[in-house]
Amino acid sequence: MNRQVLPWIKRFYQPQPVGWLCGLLSALLLLCAAWQLGGWQARENEKATLQALHQQAVERSRFFYGELSEHLQALETAGLQGCSKEQREQLLDLRRHLLYVREIGYQAAQGTACATGRMPTATELEQYQHWRFGNLDLWWSPRRLDDPELPSLVMKRHGAVLASSLAYLQDQIAMPGGIEALVIGPRDGQVMDFIGNTTRPTDEQLRALEAAEQLLIGRQRVYFAGAGDAFGMRLLVSADQTRLRSLQWQYRGLWALAALLLAGLTGRLAALQLRRDQ
């Protein structure tokens, strides 16, 4: 048996067959590594892109809400009482200097209400979505975006109230084509949507929220969510998978080319080493 096998071993144990075998085995191992490495690199690239867009949107929305909060504080410290002609003129003058504001108003302790324009009544506010953060109330309604009378966003603290618009917030968190951003609040994961189609996150979006600061690849979209602010509000950024797939093919192709070159070099070196030993 050994006499029959030995010639075959000697015949195979030559520089060229050994070089081809080493090159083939190296290629298989390196191509598997290239596939994994290219996929990881593409995911990290996509995560970095979405994370940067997320951070920019968070900073812009924080500026927007910070401005509205300062406007409420200015209204609270104005010390207005009653609703005389002089006080209404003072309100109008104050509103002219406030950014992102349609109307402002207040309700004095004795119940006197005064505003620069049309404000939603308590009954009308019941048709809005509502969040409460400590002593701050926030109402919004996408259906009011094009309403010439009623605002789509209302903020109230103590007796001061201001009317703004979701359109301003839309501009603050506007994203490039193929990328979307959702503001998700602390109350049962309620979504502050801008078109009125949904008020709750999908299952994929909930999983993305649970994996904060991580990239989640869903069936059709890629998600990234931040950790949230002190009030529990979260911003969820998502993109279609077109760019991620393109990056995967790009990085995997480059690493596969490097793997094949390295495998060929490995096979060549193995053949030369065996030739020298013989």
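This note sets out the main features of a predicted model in numbered points.

1. Basis. Residues are numbered from 1 along each chain as its sequence is written.

2. Overall make-up. The protein chain contains seven helices and eleven strands (DSSP runs of H or I with at least four residues, and of E with at least two, numbered from the N terminus). Of its 278 residues, 43% are buried, meaning under 20% relative accessible area with a 1.4 Å probe, protein chains only.

3. Nonpolar core. The largest nonpolar core has 45 residues, and those touching the most other members are L50, Y65, L68, W131, L138, M155 and M192. Helix α2 supplies the largest share of this core, ten residues. Such a core is a set of buried Ala, Val, Leu, Ile, Met, Phe, Trp, Tyr and Cys residues joined through side-chain atoms within 4.5 Å.

4. Sheet. Five strands form an open sheet in the order β8-β7-β11-β10-β9, with antiparallel pairing. Its edge strands, β8 (191-192) and β9 (215-217), each pair on one side only. Strand β10 (residues 221-225) pairs with β9 in the antiparallel sense over three bridges, and F224 in β10 is the bridge partner of L215. Pairing requires at least two DSSP bridges between two strands.

5. Among contacts between residues at least 6 apart in sequence, 59% join residues at least 24 apart; contact means heavy atoms within 4.5 Å.

Conventions:
This is a predicted model: local features need pLDDT of at least 70, side-chain atom pairs count only at pLDDT 80 or more; totals for chains, interfaces and linings use all residues. Side-chain values use heavy atoms; hydrogens and water are left out. Buried means under 20% relative accessible area, exposed over 50%, partly exposed in between (1.4 Å probe, protein chains only).
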